[in-house]
Amino acid sequence: MLRKKLAVLLATAMVAAVAAGCGGADNTSAPAADAPATEDAAPAEDAAPAEDAAADDGEAAAPAASGDVITVGYAQVGHESDWRTANTQNYQDVFCEANGYELSLIDCDNDNAAQLEAVRNFITQQLDYIVIAPIETAGWDTVLQEAQDAGIPVIIADREIAADASMYDAWVGTNTKNEGITAGNWLAEYLDGKEAKILVIEGSVGASATLGRSEGFNEVAKEHSEWEILDSQSGDFTQDGGQEVMESFIKSYEGQFNVVVCHNDNEAYGAMDAMDAAGIKYGVDGDVIIISFDATHDGLQYTLDGKINCNVECNPIQAAVVAEVIQKMQNGEDYEATTLVNDEAFVAPGIESQHATTMTEEILAGRAY
Ligand code: GYE
């Protein structure tokens, strides 16, 4: 099979306008326009999003050239967040019958063993392609070898794994380390030398999204002697988790912190509930700065309302890119080994930033998920 090392950089906002088959009004959408690519790009974890990333409209790829149905297994992380729900919906929209696919989507409920079992079942069923959104980075070598032995191409999506790139065929996702750096750079700009006492509500332990956001943010934090990270605990990417961690942070650090970094929007909702209950004022008019990640619709509503100061986007609309890779594999064409879906960041009205876009009603109205 031909293989080309390319990194395709996709503009985020456009990707949101996905219009795929399955029950949708428009099943005849043209294949996505070719996005400019960078030859010999670095692996995903090192790749920085381009300043002027190219557009991809996120429309579904054309049905299989042969007319045969392509069977795809998607071992999905779970249903822990709004981001995840949007990602699942996006796969169901794109990998539908009208587009020439039969999708087996397994919700692995954040359980590693269940996810390995799901992939093994896909292998036993001899599906044409396997897509994995890995819960954790570790533990993939054996099952990837089994897929390789069975001759089934594997695409790693959304998060990253620790295995050697030769163990899978392609990767599609976002640069979460870069998201962490953006959050840090924005905070530095906003505080302009003022002291920061920071609490971090991390995502799920062992997930590359957690590791990447922490690594990126910590890299910036290290450059600021006036910042101190007081504590960092996992909220498991859920609202309940975010609330629980924030409640315990409030017990331990009440009156001592002025920044809360939440690794996703759902955790931020939980953290805000906990602070509301404790009478702590946050957001642009409050005493505590809130940084969140994902920039889902509701997260951006809170950003527009000035409750979340800065929300760093992570785009869940990735299925059309995966479909494009599969179509190229199917046709024996060169395909992108690494595809980076680009992100931007948003800040509350009244904040001007060189790292983020100031929120407006129009931006919110254009956010479907
Ligand atoms: O940020 C979080 C989700 O892997 C990037 O997983 C994804 C993360 C996302 O549960 O909301």
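These are my notebook entries on a predicted model, taken in the order I looked things up.

**Entry 1: the ligand**

I started with the ligand and listed what surrounds it. Glu-80, Ser-81, Trp-83, Arg-84, Asp-158, Arg-159, Ala-209, Arg-213, Phe-237, Asn-264, Asp-294 and Cys-314 make up the surroundings. A ligand oxygen atom lies 2.8 Å from a side-chain N or O atom of Asp-158. For Arg-213, I found a ligand oxygen 2.8 Å from an N or O atom of the side chain. For Asp-294, the corresponding distance from a ligand oxygen is 2.6 Å. Then I checked the area: the ligand taken alone exposes 300 Å², and the protein buries 100% of that.

**Entry 2: salt bridges around the ligand**

How many salt bridges does the structure hold? I noted 13. Side chains of opposite charge can pair when their charged atoms come close. I picked out Glu-80 and Arg-84, whose closest N and O atoms are 2.8 Å apart in a salt bridge. Are these two buried or exposed? Glu-80 has a relative accessible area of 13%, so I wrote it down as buried. Arg-84 is at 2%, so it counts as buried too.

I then turned to Asp-158 and Arg-159, which form a salt bridge at 3.9 Å, N to O. Both of these residues are buried. Both residues are also among those surrounding the ligand.

**Entry 3: a bridge between helices**

Lys-177 and Glu-215 form another salt bridge, with the closest N and O atoms 3.5 Å apart. This pair links distant parts of the chain: Lys-177 sits in helix H5 (residues 176–191) and Glu-215 in helix H6 (residues 208–222), 38 residues apart. Lys-177 is partly exposed at 22% relative accessible area, and Glu-215 is partly exposed at 46%.

**Entry 4: Thr-210**

I stayed with helix H6, where Thr-210 lies. Thr-210 counts as buried because its relative accessibility is 2%. What does the side chain of Thr-210 reach? I found the backbone oxygen of Ser-204, at 2.7 Å. Leaving out residues up to four places away in sequence, Thr-210 touches Glu-202, Gly-203, Ser-204, Phe-237 and His-263. Phe-237 was already in my notes as one of the residues surrounding the ligand.

**Entry 5: strand S13**

Why is strand S13 (residues 336–341) largely enclosed by the rest of the structure? I found that 6 of its 6 residues are buried, so I had my reason. For its pairing, I noted strand S7 (residues 170–173), which runs parallel to S13 and is joined to it by 3 bridges. Across this pairing, Val-172 stands opposite Thr-339 in S13.

**Entry 6: Leu-304**

My last stop was Leu-304, which has its place in helix H9 (residues 297–304). With a relative accessible area of 14%, Leu-304 is buried. I looked up its separation from Thr-358, 54 residues apart along the chain, and the C-alpha atoms are separated by 8.5 Å. Which residues does Leu-304 touch, not counting those up to four places away in sequence? I wrote down Pro-349, Met-359, Thr-360, Glu-361 and Leu-364.

Notes: Residues numbered from 1 in each chain as written. Predicted model: local features only at pLDDT ≥ 70, side-chain atom pairs only at ≥ 80, totals over all residues. Heavy atoms only, no water. Salt bridge = Lys/Arg side-chain N within 4 Å of Asp/Glu carboxyl O. Buried < 20%, exposed > 50% of the residue type's maximum accessible area, 1.4 Å probe, protein only. Helix = DSSP H or I, 4+ residues; strand = E, 2+ residues; numbered from the N terminus. Polar contact = N/O pair within 3.5 Å; in protein donor to acceptor, adjacent residues only side chain to side chain. Contact = heavy atoms within 4.5 Å. Pairing = 2+ DSSP bridges. Near = heavy atom within 4 Å. Areas by Shrake-Rupley, 256 points an atom, 1.4 Å probe, with all protein chains shown as cover.
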